[in-house]
Amino acid sequence: MKKSRYSHFLSRRDGKVIAYNSWTGGLALMEEDKYKDYCDLISNPEKIDSLSQKEEYRDLVSKLRHGHFLIDDPVDEFSQLELKNRLDRFDTSRLGLIIAPTLACNFKCEYCFEEVKKGSMSTETIDSLVNFLEDKAKTVKTFSVSWYGGEPLVRFDLVEELSLAFRDICGEYKVAYGAGMMTNGYLLTREIAAKLKNLGVSSIQISVDGPKQIHDKRRPLANGQGSYDVILKNMTDIRDILDLNLRVNVDKTTRKEDIAELLTDLVNNNLQEKVNLFFGNVEAANEVCINIAENCYDNKEFSKTEYALHNLALDFGFRLEKLPSPLASYCSAQSMNSYIVDPQGLLYKCFNDVGITERSCGNIKTPVDSFHPNLFPFLNWNPFKNQSCQDCNILPLCMGGCPHRIIWRKEKLENNCESWKYNLNEMLEIICQSRLKQRKKA
Ligand code: SF4
Ligand code: SF4
């Protein structure tokens with residue numbers, strides 16, 4: 001038996017120890033004496049097997065093995081992780097599409113990474129998309145869709161038409177179907193939310209930039225008017241219909257007091273128990289939004305703000321249950337059977353490239369070539385070759401980070417580390433506090 005290289009232990013002020021394993025994502029609170037027993041065990045690698053048979057260690061060892069903190073000697077976690085990653089990338093039993101029925105948007109955000117384009121899916125492209133699924137449905141077991149844009153609700157009619165066709169095909173071929181949507185939230189009324197639910201959409205992600213005066217300046221409607229009040233009302237109205245993920249965009253101009261104001265608004269609308277709140281780092285992802293680059297944090301800088309803002313959210317009574325979770329791959333761009341489809345039917349691997357036609361990797365109407373120069377680098381991107389990732393004890397959480405930064409933006413690998421790399425202990429403490437609070441309430 002030996003210790004897992006992906007175990008993390010963190011002493012708390014109350015004397016207890018947070019135990020977290022990034023391979024399993026398991027989190028536990030240990031009594032200090034049990035943690036000392038664990039340290040005794042692993043400090044005697046040659047005796048660990050015999051010690052673990054003793055009465056006083058038996059229960060602890062069984063729990064530590066269950067949580068993957070102790071593993072069998074022959075287990076090579078790194079190689080297993082690499083295999084898990086490969087299996088995930090080349091798993092053809094799952095099909096995932098992120099679909100932009102339109103690139104048109106009712107907002108004009110100052111940092112938007114999509115060039116302003118109009119145009120929605122034609123009947124011909126819709127037919128091709130349906131044919132594409134009909135063909136794939138013969139071999140896949142699951143099909144997941146994420147609606148995206150532009151603003152997908154600007155063309156709710158297309159979302160509806162395609163969803164109905166997808167549901168029929170999946171029903172016919174016994175393929176499990178699930179859908180989510182990324183929206184600015186402005187058109188998400190209770191009526192639309194109920195319709196979306198009926199169409200198989202179960203979760204929604206809405207983004208805001210801060211309280212009213214900031215959000216309305218940075219994410220105004222295309223006509224310049226503010227959007228904050230309507231979004232807040234919509235979130236309040238639909239909170240019992242759809243799972244709500246609220247992304248709060250953050251950059252160097254974000255002030256703690258502004259976020260406090262936003263959180264106050266959410267609490268005043270009883271949303272603190274209903275939304276899954278998280279803070280997202282705004283990135284200058286391509287030439288279109290290069291003008292905001294100087295305000296953007298790198299991941300290391302962002303990690304401090306991320307911690308401070310989550311701490312604030314905890315004080316406001318938000319549930320912060322989402323653990324840093326193990327991944328099979330960093331994102332769907334690396335998966336063989338996963339594409340982003342634009343309104344013309346062009347396929348892309350990454351959100352940041354949608355609308356830049358020279359970055360497309362195929363067309364929904366023709367068979368995909370895995371060796372396409374815009375596709376192959378994503379499939380072939382391999383963090384397991386890098387020494388720093390090999391040595392990293394959060395590799396299961398990060399999997400080498402965003403491949404687009406390396407492939408297209410030519411970032412150095414050391415700038416690609418996830419914020420967990422820098423703030424994992426602090427974030428675990430916050431999550432632990434949140435869970436303890438919830439337990440007290442229950
Ligand atoms: S490659 Fe990076 S930016 Fe593109 S979808 Fe994946 S995580 Fe997002
Ligand atoms: S990119 Fe950084 S944080 Fe991610 S696995 Fe590699 S070394 Fe670890």
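This is a predicted model: local features need pLDDT of at least 70, side-chain atom pairs count only at pLDDT 80 or more; totals for chains, interfaces and linings use all residues.

User: Where does Lys-410 lie?

Analyst: In the loop between α15 (403–407) and α16 (420–441). Helices (H or I, at least four residues) and strands (E, at least two) are DSSP runs, numbered from the N terminus. Check the backbone there too. Lys-410 has a positive phi of about 55° and is not a glycine.

User: What phi does His-68 have?

Analyst: His-68 has a positive phi of about 70°, and it is not a glycine either. It sits in the loop between α3 (55–66) and β5 (70–71). With 18 C-beta neighbours inside 10 Å, His-68 counts as partly exposed.

User: Is Leu-133 buried or exposed?

Analyst: Leu-133 is buried, because it has 24 C-beta neighbours inside 10 Å. It belongs to helix α5 (residues 123–136). Leaving out residues up to four places away in sequence, Leu-133 touches Phe-143, Phe-166 and Ile-169. Contact means C-beta atoms, placed from the backbone, within 7 Å. For a sense of scale, take Pro-220. Leu-133 and Pro-220 are 87 residues apart in sequence and 36 Å apart in space, C-alpha to C-alpha.

User: Which residues does the cis peptide bond join?

Analyst: Gly-149 and Gly-150, with omega about 20°. Gly-150 is in the loop between β7 (142–147) and α6 (156–173).

User: How do I read the domains? What bounds does the assignment give?

Analyst: Domain bounds come from an automatic or database domain assignment. Here it gives domain 1 (2–75) and domain 2 (80–442). Their C-alpha centres lie 35 Å apart. The contact takes 13 residues from domain 1 and 14 residues from domain 2. On the domain 1 side, β2 (7–11), β3 (17–21) and β4 (27–30) each give two or more residues. That side divides into 7 nonpolar, 4 polar and 2 charged residues. Ala, Val, Leu, Ile, Met, Phe, Trp, Tyr, Cys and Pro count as nonpolar, Asp, Glu, Lys and Arg as charged, and the others, Gly among them, as polar.

User: Now the sheets. What order do β2, β3 and β4 take?

Analyst: Strands of a sheet pair through backbone hydrogen bonds, either parallel or antiparallel. Two strands pair if DSSP finds at least two bridges between them. Here the open sheet of 3 strands has the order β2-β3-β4, with antiparallel pairing. β2 and β4 stand at the edges with a single partner strand each, so one side of each has no neighbour in the sheet. Neighbouring strands are turned by 20° against each other on average, direction ignored.

User: How many bridges join β2 to β3?

Analyst: 5 bridges join this antiparallel pair. His-8 has Tyr-20 in β3 as its bridge partner. β3 and β4, also antiparallel, are joined by 4 bridges. There Tyr-20 stands opposite Leu-27 in β4. The hairpin of β3 and β4 has 5 residues between the strands, and Gly-25 takes a positive phi near 80°.

User: Which strands are at the edges of the sheet of 9 strands?

Analyst: First the order: β11-β10-β9-β8-β7-β6-β12-β13-β14, an open sheet with mixed pairing. The edge strands are β11 (275–281) and β14 (362–363), and each pairs on one side only. For a parallel pair, look at β8 (residues 176–183) and β9 (residues 201–208), joined by 5 bridges. Thr-183 has Ile-206 in β9 as its bridge partner.

User: Last, the ligands. Which residues surround ligand 1?

Analyst: A residue is near a molecule or strand if its C-beta atom, placed from the backbone, lies within 6 Å of it. Ligand 1 has Tyr-330, Cys-331, Ala-333, Cys-350, Phe-351, Asn-352, Cys-402, Pro-403 and His-404 around it. This shell has 7 nonpolar, 2 polar and no charged residues.

User: Which residues come nearest to ligand 2?

Analyst: Of the 13 residues around ligand 2, the nearest are Cys-389, Cys-392, Cys-398, Cys-417 and Lys-421. α13 (387–390) and α14 (395–398) each supply at least two residues of the shell. By class, the shell around ligand 2 has 7 nonpolar, 4 polar and 2 charged residues.

Definitions and conventions. Residues are numbered from 1 along each chain as its sequence is written. Chains are lettered from A and ligands numbered from 1 in the order in which they are written. A residue is buried if 20 or more other C-beta atoms lie within 10 Å of its own, exposed if 12 or fewer, and partly exposed in between; C-beta atoms are placed from the backbone. Two residues are in contact if their C-beta atoms, placed from the backbone, lie within 7 Å. Axes are lines fitted to C-alpha atoms, for helices over the stretch in contact, and angles run from 0 to 180 degrees between N-to-C directions.
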